[in-house]
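Please look over the sequence and the model below before reading on. The paragraphs after it go through the chain part by part.

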Amino acid sequence: MVSLEEHEQWMREALALAREAEAAGEVPVGCVLVAGGEVIGRGRNSPIEILDPTAHAEMLALRQGAFALGNYRLSDATLYCTLEPCPMCAGALVAARVNTLVFGARDLRFGGVRSKFQIADSELLNHRVTVIEGVLGAESTALLQSFFSTRRNQETRR
């Protein structure tokens with residue numbers, strides 16, 4: 001069983017990636033995919049930068065992890081994400097057979113795991129992801145709130 005301290009360690013790495021996304025002008029979301037105690041995939045939101053609407057942090061981390069393992073099935077992996085995945089990303093977690101999702105902040109508008117939909121552990125699908133929420137949730141939420149507050153202030157000055 002993974003300890004809270006270990007979950008927090010990996011989530012801190014995801015938060016560092018979220019800050020990189022923010023510095024690049026992207027919504028600050030970061031993910032780390034871990035298997036066997038090692039990072040096998042990293043991602044930060046990048047749809048603006050690489051002109052790809054699917055370039056969410058989760059999708060990039062899953063792609064990297066699948067390549068690292070040489071298998072699209074990531075059944076022994078845990079994804080650490082600063083924000084609750086959207087429906088697209090939640091579906092990808094199921095398709096990849098990810099074992100566990102650990103996320104920080106809920107996405108009250110687009111959440112595909114808890115807030116709007118319960119895709120990752122739905123009994124209707126062929127795989128259920130174990131979901132752990134709220135790890136470093138305050139830090140994840142603060143980062144997102146600061147980003148959007150700054151953005152709103154910039155827009156009102158125009």
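In which loop is Arg 97 found? This is a predicted model, and in it Arg 97 sits in the loop between H4 and S4. The residue comes after helix H4 and has a positive phi, near 60°. That value deserves a remark, since most residues other than glycine have a negative phi. Arg 97 is not a glycine, yet its phi is positive, about 60°. With a relative accessible area of 18%, Arg 97 is buried, because buried means under 20%.

Leu 51 is not a glycine either, and its phi is positive at about 55°. Its place is the loop between H2 and H3. Here the accessibility is 75%, so Leu 51 counts as exposed, the cut-off being over 50%.

Helix H4 covers residues 87–95, and its buried residues are Cys 89, Ala 90, Ala 92, Leu 93 and Val 94. What do these buried residues of H4 pack against? Their partners are helix H3 (57–69), S3 and strand S4 (100–105).

Is Thr 82 buried or exposed? Thr 82 has a relative accessibility of 2%, so it counts as buried. Setting aside neighbours within four places in sequence, Thr 82 is in contact with residues from several stretches of the chain, among them Met 11, Leu 15, Pro 28, Gly 104 and Ser 140. Ser 140 belongs to helix H5 and is buried as well, at 1% relative accessibility. Again leaving out neighbours within four places, the contacts of Ser 140 are Leu 15, Thr 82, Gly 104 and Ala 105. Leu 15, Gly 104 and Ala 105 are also listed among the contacts of Thr 82.

Next come the cysteines. Cys 81 counts as buried, with a relative accessibility of 0%. Cys 31 is likewise buried, at 0%. How many disulfides does the whole structure contain? A search finds zero.

Charged residues come next. Side chains of opposite charge can pair when their charged atoms come close.

Glu 8 forms a salt bridge with Arg 12, and the closest N and O atoms are 3.9 Å apart. Both residues belong to helix H1 (residues 4–23); because they are four residues apart there, about one helical turn separates them. Arg 12 is partly exposed, with a relative accessibility of 47%.

In another salt bridge, the side chains of Arg 42 and Glu 13 meet at 3.5 Å, N to O. Arg 42 is in strand S2 (residues 38–44) and Glu 13 is in helix H1, so this pair ties together parts that lie 29 residues apart in sequence. Arg 42 is partly exposed at 40%, and Glu 13 is partly exposed at 27%.

A further salt bridge joins the side chains of Arg 44 and Glu 20, at 3.9 Å from N to O. This pair links distant parts of the chain, with Arg 44 in strand S2 and Glu 20 in helix H1, 24 residues apart. Arg 44 counts as buried at 17% relative accessibility, whereas Glu 20 counts as partly exposed at 45%. Through salt bridges that share partners, Glu 20, Arg 44 and Glu 49 are joined into one network.

The last stop is the largest pocket, whose volume is about 670 Å³. It is lined by 23 residues, and those closest to its centre are Val 27, Leu 83, Asp 107, Phe 110 and Phe 148. Which elements give two or more residues to this lining? They are helix H2 (47–50) and helix H5 (137–157). H5 gives the most, with five residues. By type, the residues of the lining divide into 12 nonpolar, four polar and seven charged.

Conventions:
Residues are numbered from 1 along each chain as its sequence is written. This is a predicted model: local features need pLDDT of at least 70, side-chain atom pairs count only at pLDDT 80 or more; totals for chains, interfaces and linings use all residues. Side-chain values use heavy atoms; hydrogens and water are left out. Buried means under 20% relative accessible area, exposed over 50%, partly exposed in between (1.4 Å probe, protein chains only). Contact means heavy atoms within 4.5 Å. A disulfide is a pair of cysteine sulfur atoms within 2.5 Å. A salt bridge is a side-chain nitrogen of Lys or Arg within 4 Å of a carboxyl oxygen of Asp or Glu. On a 1 Å grid over the protein atoms alone, a cavity is a set of points where a 1.4 Å probe fits but cannot get out, and a pocket is an open set with protein on both sides within 12 Å along at least five of seven lines; lining residues have an atom within 4 Å of a point. Grid points are joined across faces, edges and corners, and a volume is the space filled by probe spheres set on the points. Ala, Val, Leu, Ile, Met, Phe, Trp, Tyr, Cys and Pro count as nonpolar, Asp, Glu, Lys and Arg as charged, and the others, Gly among them, as polar.
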